[in-house]
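Student: I have a protein model open and I'd like to learn how to read it. Can we go through it together, one feature at a time?

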Amino acid sequence: MKPPPHRIRHGFTLVEMLATITIIVILAGLVVAGTAFVKDRQKRATAEIQIRLLANACEEYKLDHGSYPGSDSSLNGDGRNMTNGLFKDLYWDSNRDGAGPQNDSEQKIYISELDPKNNKQGWTEGRGEAARIVDPWGNEYRYRKGVNAQSPDFDLWSPGKDGRTNPENPKDKFNRDDVRNL
Ligand SMILES: [Ca+2]
């Protein structure tokens, strides 16, 4: 007499499948969140380095010209739309004759890495003399030449991941992720 056939289980039950899928989804979520966190940390570190490069160049510019880059209109304000002026003073055309770095023997280049054609830092946006300097999140750096005309200092910062900043109110929540020169 033949023994009764054993029931052989093939594959998973529905509950096992659902449990497995749930675990995979949770693990994938953790990986994505961790990767985003690491990328954000890297962007902050890059912004700190770029701000240091720009700030050092501003100091060098002041040694040569007696004042920091930018016109007096860069006093006060929220620091918006100032990086094209910085770009021109530090790379393109510090004596403002429009000739550009390649055509001007008197042009002093303060940061050669600002060359838009060799954008290894990924921080120039736009071509030629119209270029602006952007942070690792793609937002323009903010710059203002001190708090008032008597102040010899300057502010240079990134609005951070949220792209927003409020220099008039240091306690504003938008300032929490800003990256500043120290
Ligand atoms: Ca911010």
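**Reading the model together**

Tutor: Start in helix α2, where F87 and Y91 both sit, four residues apart, about one turn of the helix. Helices (H or I, at least four residues) and strands (E, at least two) are DSSP runs, numbered from the N terminus. A word on the source: this is a predicted model, where local features need pLDDT of at least 70 and side-chain atom pairs count only at pLDDT 80 or more, while totals for chains, interfaces and linings use all residues. Residues are numbered from 1 along each chain as its sequence is written, and side-chain values use heavy atoms, with hydrogens and water left out.

Student: Are F87 and Y91 buried or exposed?

Tutor: Buried means under 20% relative accessible area, exposed over 50%, and partly exposed in between (1.4 Å probe, protein chains only). Here F87 is buried, and so is Y91.

Student: How do I describe a pair of rings?

Tutor: You describe a pair of aromatic rings by the distance of the centres and the angle of the planes. Rings of Phe, Tyr and Trp (its six-membered ring) pair if their centres lie within 6.5 Å; planes under 30 degrees apart count as stacked, over 60 as edge-to-face and the rest as tilted. There are five aromatic pairs in the structure. One of them is F87 with Y91, a tilted pair at 5.6 Å centre to centre, with 35° between the planes. Elsewhere, Y68, Y143 and F154 make up one aromatic cluster.

Student: Y143 is in that cluster. Which residue stands opposite Y143?

Tutor: That's L156 in β4. For strands, pairing needs at least two DSSP bridges between them. β3 and β4 run antiparallel and are joined by three bridges. They belong to an open sheet of three strands in the order β3-β4-β5, with antiparallel pairing. Its edge strands are β3 and β5, as each pairs on one side only.

Student: And salt bridges, how many are there?

Tutor: Look for a side-chain nitrogen of Lys or Arg within 4 Å of a carboxyl oxygen of Asp or Glu. Searching the whole structure turns up seven salt bridges. In one of them, the side chains of E60 and K108 meet at 3.3 Å, N to O. E60 lies in helix α1 (residues 14-65) and K108 in the loop between α2 (83-92) and β1 (124-125), so this pair ties together parts that are 48 residues apart in sequence. K108 also bridges to D64, with the closest N and O atoms 2.8 Å apart. D64 is in helix α1 too, so that contact ties together parts 44 residues apart in sequence. Together, E60, D64 and K108 are linked in a network of salt bridges.

Student: What does R144 pair with?

Tutor: R144 forms a salt bridge with E168, the closest N and O atoms being 3.6 Å apart. R144 is buried at 10% relative accessibility, whereas E168 is exposed at 57%.

Student: Last one: which residues coordinate the calcium ion?

Tutor: Donors are N, O and S atoms within 2.8 Å of the metal (3.2 Å for Na, K and Ca); water is not among the atoms, so sites may look incomplete. The calcium ion is coordinated by P159 (O), D162 (OD), D162 (OD), R164 (O), F174 (O), D177 (OD) and D178 (OD), at 2.2 to 3.1 Å.
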